[in-house]
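This briefing concerns charged side-chain pairs, nonpolar packing and one backbone feature. Please consult the sequence and the structure shown here while reading the points that follow.

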Amino acid sequence: MTISHGEPTMLAATLSRRGVISGGVAITLVPFASWPGAAQSEAGQLTDAISRATGGRTPLAAGVKLDLPELAENGFSVPLNVTIDSPMTERDHVRFITIVSEKNPAPQIARFTLGPRAGRAAVRTHVRLADTQRIAAVAETSTGRFLIGVADVVVTISACTNGG
């Protein structure tokens, strides 16, 4: 089938200049439309990880000191210290400390088990962080309480990426 310059084609009949421009603008804006959803998803990941660590109970934002550098130049090894105010007696001690992240591929970074013979409720480690994010330390006590501390860290070189 040959088309002469004077004949309207099926494509030309269905597309107008306004439609082409609108479509181009819509395609350009699609990546930006996902940004708020991504932030909501990341915050949701942290909330879900905290909920899993507490069995759905709301933790008390007290007694947990979470030390991370405010700026981590390298996400492959970020120092992390957690200290919890606890008498560490047989009747009242920290049983578990769970570290969760907002943006890592696996939200639960670590889980430590303690007992009254530990003497202090404190742990030190290094973690890998995928990106700038919030980190939470959730402590479960022998009395059934859950305590939480949260810190923000800016990561300049990311780790934990899906590619390696």
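Three salt bridges are present in the structure, which is a predicted model. Side chains of opposite charge can pair when their charged atoms come close.

**Salt bridges**

- Lys65 and Asp67 pair through their side chains, with an N to O distance of 3.9 Å. Asp67 has a relative accessible area of 31% and is therefore partly exposed.
- Arg95 and Glu140 form a salt bridge in which the closest N and O atoms are 3.0 Å apart. Because Glu140 belongs to strand S7 (residues 133-141) and Arg95 to strand S4 (residues 94-101), this pair ties together parts that are 45 residues apart in sequence.
- Within this pair, Glu140 is buried at 15% relative accessibility, whereas Arg95 is partly exposed at 33%.
- Asp152 forms a salt bridge with Arg134, and their closest N and O atoms lie 3.4 Å apart. Arg134 is in strand S7 and Asp152 is in strand S8 (residues 146-155), so the pair ties together parts that are 18 residues apart in sequence.
- Arg134 is partly exposed, its relative accessibility being 35%.

**Nonpolar cores**

- In soluble globular proteins, nonpolar side chains tend to be buried together.
- The largest nonpolar core comprises 25 residues. Those with the most contacts inside this core are Leu80, Val82, Ile84, Val94, Ile97, Ile99 and Ile135.
- Two or more residues of this core come from each of strand S1 (64-67), strand S3 (78-84), S4, strand S6 (121-127), S7 and S8.
- Another core, of nine residues, lies apart from the largest one. Its members include Ala53, Val100, Ala136 and Phe146.
- Which residues does Ile99 contact, leaving aside its neighbours within four places in sequence? The contacts of Ile99 are Leu80, Val82, Pro107, Gln108, Ile109, Ala110, Phe112, Ile135, Ala136 and Ala137.

**Backbone at Met88**

- Met88 has a positive phi of about 55 degrees, although this residue is not a glycine.
- The location of Met88 is the loop between S3 and S4.
- Met88 has a relative accessible area of 6%, so this residue counts as buried, the cut-off being under 20%.

Technical notes
Residues are numbered from 1 along each chain as its sequence is written. This is a predicted model: local features need pLDDT of at least 70, side-chain atom pairs count only at pLDDT 80 or more; totals for chains, interfaces and linings use all residues. Side-chain values use heavy atoms; hydrogens and water are left out. A salt bridge is a side-chain nitrogen of Lys or Arg within 4 Å of a carboxyl oxygen of Asp or Glu. Buried means under 20% relative accessible area, exposed over 50%, partly exposed in between (1.4 Å probe, protein chains only). Helices (H or I, at least four residues) and strands (E, at least two) are DSSP runs, numbered from the N terminus. A nonpolar core is a set of buried Ala, Val, Leu, Ile, Met, Phe, Trp, Tyr and Cys residues joined through side-chain atoms within 4.5 Å. Contact means heavy atoms within 4.5 Å.
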